[in-house]
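Good morning, and thank you for coming.

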Amino acid sequence: KHLAKAKKIFSSSKKMKDNIVFKGNLSDDEYKLVLKSAKFLFHSAHGDNGTFSVVEAAFYNVPALSNFYPAIDEMNKNYHLNITYCDIFNEHETAGKMKVMEQASSSIRASLPKVDDLKKLTLGTNKTIYWDELKGLL
């Protein structure tokens with residue numbers, strides 16, 4: 001139901017059609033090219049086990065705007081990603097934060113971790129953190 005409503009809104013808006021491109025499924029190489037040229041990554045999930053798309057974006061010096069939820073906040077802290085948060089259930093706030101990300105992406109990039117620092121924070125270096133959490137569940 002929400003998809004039909006979104007399609008109707010999109011098809012009736014010249015501004016949206018001029019400024020939004022739906023790429024569909026991309027190969028890894030296509031995804032990297034799109035990501036590298038992005039002003040920011042919009043991560044709109046509201047619950048998962050922590051996607052690494054925000055880390056991938058940081059590797060390409062692309063800032064992230066994400067809905068807040070515990071797993072993404074943990075990743076933000078562990079990888080020092082300086083994620084900007086929004087509430088995807090508040091469309092006015094989210095739209096405002098998207099506009100800020102568009103306008104300030106170059107200055108936000110300056111706050112992202114360097115690639116060499118990210119490489120030091122691989123899963124191998126963070127495995128103790130995650131193993132300690134898992135041990136508590138066993």
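Let us start with Glu56, which lies in helix H4. Helices (H or I, at least four residues) and strands (E, at least two) are DSSP runs, numbered from the N terminus. This is a predicted model, in which local features need pLDDT of at least 70, side-chain atom pairs count only at pLDDT 80 or more, and totals for chains, interfaces and linings use all residues. Residues are numbered from 1 along each chain as its sequence is written, and side-chain values use heavy atoms, with hydrogens and water left out.

Turning to the whole chain, the protein has 8 helices and 3 strands. Along the sequence, their pattern reads α-α-α-β-α-β-α-β-α-α-α. Of its 138 residues, 29% count as buried.

Now to the interior. A nonpolar core is a set of buried Ala, Val, Leu, Ile, Met, Phe, Trp, Tyr and Cys residues joined through side-chain atoms within 4.5 Å. The largest such core has 19 residues, and Val54, Tyr79, Leu81 and Ile83 have the most contacts inside it. Helix H4 (53–59) and helix H5 (70–79) each supply at least two residues of this core. Another core, of 5 residues, lies apart from it and includes Leu65, Cys86, Met101 and Ile108. In soluble globular proteins, nonpolar side chains tend to be buried together.

Note on methods:
Buried means under 20% relative accessible area, exposed over 50%, partly exposed in between (1.4 Å probe, protein chains only).
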